[in-house]
Amino acid sequence: MIKEFAFGLANRHHFGDVHDIEKWAGMAQDTFMSLWDYDNHVIDYVKQKGTLASYDGMLYMPDEFILDVDGTNPDNARQKTIGLGILLDDLCVPYQAYFSGTGFHLGIPGSAFRWKPAPNLHLMVKDEMTAKGIYEYADVSVSDKTRLIRVVNTLNSKSKLWKVPLLQAELHKPITEIQDIAKGKRNTYAWQTLECEPIFDVLKRKTIASDKTFETVTLGRTPDPVWYPCIQTMMAGAGQGSRHQIALRVAGFLRWRYPEHVVRLVMEDWRKRVDLDTAMHSFNKGEMDKIVTDCYEGHKGNGYNYGCTDVHMDNHCQSTCRLYKAKKSQHMMDAKAMEKELVEFFTRDLDPINIGKLYDQDFPIYPGEVVILQAPPKSMKTMLLQSWIHKLKRPTYFIEMEMSPRQMWMRFVMMEKGWNEDELKAHYTQYANGISQNFDWLTIDYNSCYSHELNKRIMMLPYKPEIIVVDHMGLFKSQKHDNNMKVEEVSQALMEVAIQNNVVVFAVSEITKQAFHEGMDITSAKGSFRIGYNANKVLSLTPYKDENNLIKSLKVICTANRERETLNLELIVDGTKIG
């Protein structure tokens, strides 16, 4: 028997004997293997097609079948895993637990299945285990025929933790203790042999054709949720009863964006995934060809185009979409619509920018939010922002309209190396380089622009930023002559940029003379009050100087926040080190 091995999700299609698994264990990188076993046909298929997508060969039950359990956080996944373990105990199925670096795996013996090789073995397993309640805890999509599973004792590059085996008693430990176990490989673990009588009968399918769900194709990667999430959801597939209507929407969307031969290739792949294996419920190629043709020739040759108000598009709408705020139907929302938006927020895998964690506090900033940093002149606003993004090391687009490239780079290098100016000068007078490779997450734009041009500049970047820094708001170009109107225009544009691109925006704002003398509040920003209203969070920075008139410390407090978290920092300044 053969397994597929992969080194990262983009480096797939390495095939080896199923007994070669131990050869790949212990690697300090993302290393995966196929859930299912294959025969030699899989190698010929990949040579011919260049991909495993829509693989049509036989599937074989592995010696150890992996159940994947994820949750809203690692501890939630741990609790679900305990529940799945109790269910398996009730079914008299032994299991081996693993912590995968983010979630949990439970391995059960292949002998628990009464099976035979079949091209649709994954569907028969899915039906049987759904009926037994397994997929009330485990992720059902992991049973797909080309799914990859992380190899034991390999490093999860995202969490920097290893996939390690666990004793059943260790599942009941606090998640922090489990994560401590996963900080290294577990080579001395005492493995137990798992054996049992067949519990799951997967010799034939027990569901009727109309109950079959479509098979999604996933490699663990998803598109950016700001770009047409309705189409993204529909492209994953559709169940019987809505397949033709969904196909029309997807093909109608693609028809305006890609050449016809590409549209037909994509839609044919989509048809194969949603087609049912019976004459009564099939979705044949001729039907799909007619749908695509109609998308070009319908409406007297103008072609089909479905907007956001279409019933099927609206049913798959999500609040992350850049078009969401423009929908007329979203001006008024009933309780069900508001609840749906809240559920989407909590179920998405959001990774906030938490500057509070840098100082043992909690101050998360979520994609789509604007943070205004207001401070007097010459108070190290730029250096503080540089310090934050240097510590976070997230993909960042920094718009700097005050300082020169030389000054910015000097500061970043001194932060990176912990050098003073003399050490930096000694390094670069020797024509030494190589430090820049540590800043592949950073792009700095030194050209001023109109605020409405920001979206275009972001789209031209070679990568999508997670953070945008604007230093500062008053230096944007504008057709407005009144400063209040100019700053209001900029603050509105920054809010739209954050929402439409699903990014965090940090923007520096000057303060009024009155605020400089009397102290800062939400109305202190120079210009229109709209600055404070448009921002999700307002931070006030106050510098304190020593007897030589040099800044010795900074106080940063949260002046306003739409959420409940607060921030109160006393930061010591030592050269370019702020903390």
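Predicted model: local features only at pLDDT ≥ 70, side-chain atom pairs only at ≥ 80, totals over all residues.

Is Lys 3 buried or exposed? Its relative accessible area is 4%, and buried means under 20%, so Lys 3 counts as buried. The residue sits in strand β1, which covers residues 2-6. Where does the side chain of Lys 3 reach? It comes to the backbone oxygen of Leu 35, at 3.3 Å. If we leave aside neighbours within four places in sequence, the residues in contact with Lys 3 include His 14, Phe 15, Gly 16, Val 18 and Ile 21. Met 33, Ser 34, Leu 35, Trp 36, Asp 37 and Pro 62 are also among its contacts.

Of the 27 residues that line it, Ile 21, Glu 22, Asp 63, Glu 64 and Tyr 98 are the closest to its centre. Three elements, α1 (21-24), β4 (64-69) and β5 (96-99), each supply at least two residues of that lining.

I turn now to helix α9, residues 285-301. This helix has 17 residues and reaches 22 Å from its first C-alpha to its last, close to the 24 Å expected at 1.5 Å a residue. Where does α9 bend? The bend is at Asp 294, by about 50 degrees. At the start of the helix, a side-chain oxygen of Asn 284 reaches to within 3.1 Å of the backbone nitrogen of Gly 286. Just after the helix, Gly 303 takes a positive phi of about 90 degrees.

Which residues of α9 are buried? They are Met 288, Ile 291, Val 292, Cys 295, Tyr 296 and Gly 298. As a general point, an α-helix has 3.6 residues a turn, so residues three or four places apart point the same way. The cover over the buried residues of α9 includes α7 (243-255) and α8 (260-274).

Finally, let me place these details in the whole chain. It has 18 helices and 23 strands. Its C-alpha atoms fill a box of roughly 85 × 70 × 50 Å, taken along the principal axes. Of the 579 residues in the chain, 47% are buried, Lys 3 being one of the buried residues. Among contacts between residues at least 6 apart in sequence, 66% join residues at least 24 apart. Thank you for your attention.

Notes:
Residues numbered from 1 in each chain as written. Heavy atoms only, no water. Helix = DSSP H or I, 4+ residues; strand = E, 2+ residues; numbered from the N terminus. Expected span 1.5 Å × (residues − 1). Bend = angle between axes of the 7 residues up to and from the residue. Buried < 20%, exposed > 50% of the residue type's maximum accessible area, 1.4 Å probe, protein only. Contact = heavy atoms within 4.5 Å. Polar contact = N/O pair within 3.5 Å; in protein donor to acceptor, adjacent residues only side chain to side chain. 1 Å grid on protein atoms, 1.4 Å probe; cavity = no way out; pocket = protein on both sides within 12 Å on 5 of 7 lines; lining within 4 Å.
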